[in-house]
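Here's a quick tour of the structure below. Have a look at it first, then read on.

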Amino acid sequence: SSGFPLDRVKEYVKLRKPYCINDVSTQDIFNNRMMLYEVLEKYGIPTFRHIYADRRDGRKVEVKEMDDYIELDGKRMRKPLVEKPFE
């Protein structure tokens, strides 16, 4: 969630070295939907059908929006759909 002081938590963990159940250093993944999907796919964890426009490193993304579907780089998803930001 926004506003959570994750950087301060990381500093605290580094300084005090408490016993941690969760790896605090990897919590940033949960703040970025694209990174989260990449990790889930890497480990073969099922997800809902999704597409995203990956414009990192200046990549060009071909987007077609029609009345009944949206298409990103040849991957088509029928409407209605839910649009969510990455972060």
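This is a predicted model: local features need pLDDT of at least 70, side-chain atom pairs count only at pLDDT 80 or more; totals for chains, interfaces and linings use all residues.

## The helix and the sheet

Residues are numbered from 1 along each chain as its sequence is written, and side-chain values use heavy atoms, with hydrogens and water left out.

Helix α1 covers residues 6-16 and is hardly covered itself: of its 11 residues, the count of buried ones is 1. (Buried means under 20% relative accessible area, exposed over 50%, partly exposed in between, using a 1.4 Å probe and protein chains only. Helices are DSSP runs of H or I with at least four residues, strands are runs of E with at least two, and both are numbered from the N terminus.)

Arg8 sits in helix α1. Arg8 is exposed, with a relative accessible area of 64%. Between Arg8 and His50 there are 42 residues in sequence and 33 Å in space, C-alpha to C-alpha.

Now for the sheet. It's an open one of 3 strands in the order β1-β2-β3, with antiparallel pairing; two strands pair if DSSP finds at least two bridges between them.

| Edge strand | Residues |
|---|---|
| β1 | residues 63-65 |
| β3 | residues 75-78 |

Each edge strand pairs on one side only. β1 and β2 (residues 69-72) run antiparallel and are joined by 3 bridges. Glu65 stands opposite Ile70 in β2.
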